[in-house]
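Please examine the structure shown here, together with its sequence.

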Amino acid sequence: MSDTRFIGRVPATTPAQPGAPREPNRAIPYDLLKDASRRVGIISLLAAALWVLGIALYHVASREMRDPLWNQWQASDSIGVVSIAVSLALYFYTRGTGRDPKFILDLGLAYMVLLAFALGLENHWAVMEPGRPVLPEISWVGVIVLLFAAIVPNTPRKTLVASLIAASMNPLSMLISKAQGLWDFGPASNALLMHFPDFLIVGAAVVTSHVVTKLGQQVTKAREMGSYRLVTLLGKGGMGEVWLARHRMLARDAAIKLIQPEVLARISGDNAALMQRRFEQEAATTASLRSPHTVELYDFGVTADGVFYYVMELLDGIDLETLVKRFGPQPASRVASILRQVCRSLEDAHVHGMIHRDIKPSNIFLCRMGNEYDYVKVLDFGLVKVIDNNDTQMTREGLPRGTPAYMAPELALGTSNIDGRTDLYGLGCVAYFLLTGGLVFEESGATAMMLAHLQKVPEVPSARSELAVPAAMDRAVMLCLEKDPAKRPARAGVLSQLLENSADLGTWTPEVAENWWRTNIPGEIVAAHDETPPAQAELKGTTTL
């Protein structure tokens, strides 16, 4: 599986309940929008190349026709250069990271209008012979309008408006040509007479857009997973997609993670049947965890086209990595409260023979659960190793899995004989990050980071934190960071008891927690979803395996 997580914001009005707003527009799924936005870039690059070729061929043809002005700059050249610049700018913009595909499609419509205007000027800028007849014709503008409707999908309404404007560019260019004294074509109505076929094509473009929209709706409907229907894409990465989903009968939202079978095949080298068996075994094992501090798995399955999916609870809160990045190091009393709750989740997993193997800040979530605040949920059991049954292992022996900045030495060495104390090392790294705002070792590169965990002795948190760190917290963290697993706490429950019995750590009361949330995160809804890597921003110090 993956070592990173997806966190996406969802409007507070998302839950399906009486009086709730209508669902988001599902006409065109996100992945299809993304593909369409890439096509906008391809079209703009192709247009730039055609403008360059057109300018060059025009001058070559002029020379062959012995035009004395063949080697001089023409007004049409200026139009072409501006069009090339706009086309290339759009191309490079679409290749940027983190672009909203819907916005790119809107830009594509604006680009279509500008392209139509440039073509209209190009067609009608030259001096025309007096008395040249005005005959109806289908121009390149009509072709472009139909092309954009077919391969750059948008809503029929937007397509209609943009296409009408684009089709008007030829008549507008004719009027400009007449005003410049380049062509006297008689009454102004002749401009519309000459190009009315382009307006007929607009009707065909709207129909085409409607068909594409319907196809998008069919794709969305086909993506219903069991009793859940996909509503909004929250994130997409190398391992798959994470969606906000809605139960068709119950007023309950969930998070669904989709994994394409070819992704698992590429990683594991296994055939489809074996992958499905391992997927089902791992999901069943994860579902057996009963700690309230472990993210709950509602359902899992495989679609008719072989896509694996998990259905998990949708969380309201913030992950620890985001917490520290936004609010800085945390007080020892709060860190102790968080660690004790994580220990309860890990103790349950370890009793069931499961090792998390990727404990890190982005896999630990602080939530609001009803009227409880700072309620911890541990996420991403996708890298688990089931100790007592090698047949259910989703990982492959000898390959280090996890995140280098939080990786226990035995994991870095690829040791197969590991136990729950491996997770306690990662938890020690998490505590260090919470207390200091920094990593245990500040190294660049995954290899250097793993070597540091194998060889270097870390400073105590109190030496690096801007906040007061009690000696008891220093001892607990340094015990977890012992290189030798035998020197770490024997179990997560032992660490929890150690923190519980340390009086100098202070108390993070429910009242303090509630006040912090109401002050710092009022009304924010953050959806957390299991083990999907971010497509737009990879977390520093992680590896996707």
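In this predicted model, three strands make up an open sheet, arranged in the order E7-E9-E10 with antiparallel pairing. E7 and E10 are the edge strands, each of them pairing on one side only. From one strand to the next, the twist averages 25 degrees.

The pairing of E9 with E10 can be followed residue by residue. These two strands are joined in the antiparallel sense over 6 bridges. Ile364 stands opposite Val378 of E10, and Phe365 has Lys377 in E10 as its bridge partner. E9 and E10 form a hairpin, with 2 residues between the strands. Gly370, which belongs to the turn, has a positive phi of about 65 degrees.

H10 lies across E7 and E9 and runs at about 90 degrees to E7. H11 also packs on the sheet, where it touches E9 and E10, and its direction makes about 45 degrees with that of E10.

A further helix, H17, covers residues 510–520. Which of its residues are buried? They are Ala513, Trp516 and Trp517. An α-helix has 3.6 residues a turn, so residues three or four places apart point the same way. Viewed down the axis of H17, the buried residues fall within an arc of 95 degrees, and they therefore line one face of the helix. The face turned away from this buried side carries Glu511, Asn515, Arg518 and Thr519, which are exposed. What do the buried residues of H17 pack against? Their partners are strand E7 (317–319), helix H10 (320–327), helix H11 (332–351), strand E9 (364–369) and strand E10 (372–378).

Attention now turns to another part of the chain, where helix H3 (residues 101–124) packs with helix H5 (residues 156–167). The angle between H3 and H5 is about 15 degrees, and their axes are 8 Å apart. Because of that angle, H3 counts as roughly parallel to H5. The crossing in which H3 passes H5 is right-handed. On the H3 side of the contact are Asp106, Leu109, Met112, Val113 and Ala116. These meet Lys158, Ala162, Ser163, Ile165 and Ala166 in H5.

Arg66 has a phi near 60 degrees, a positive value in a residue other than glycine. Arg66 is placed in the loop between helix H1 (30–64) and helix H2 (75–94). Arg357 likewise is a residue other than glycine with a positive phi, here near 75 degrees. The loop that holds Arg357 lies between strand E8 (354–355) and E9.

Are these two arginines buried or exposed? Arg66 counts as exposed because its relative accessibility is 74%, where the cut-off for exposed is over 50%. Arg357 counts as buried because its relative accessibility is 8%, where buried means under 20%.

Methods: Residues numbered from 1 in each chain as written. Predicted model: local features only at pLDDT ≥ 70, side-chain atom pairs only at ≥ 80, totals over all residues. Heavy atoms only, no water. Buried < 20%, exposed > 50% of the residue type's maximum accessible area, 1.4 Å probe, protein only. Helix = DSSP H or I, 4+ residues; strand = E, 2+ residues; numbered from the N terminus. Arc of directions from axis to C-beta. Contact = heavy atoms within 4.5 Å. Pairing = 2+ DSSP bridges. Axes fitted to C-alpha atoms, helices over the stretch in contact; angles between N-to-C directions. Parallel < 35°, antiparallel > 145°, perpendicular 65-115°, else oblique. Left-handed = near helix turned anticlockwise from the far one by under 90°.
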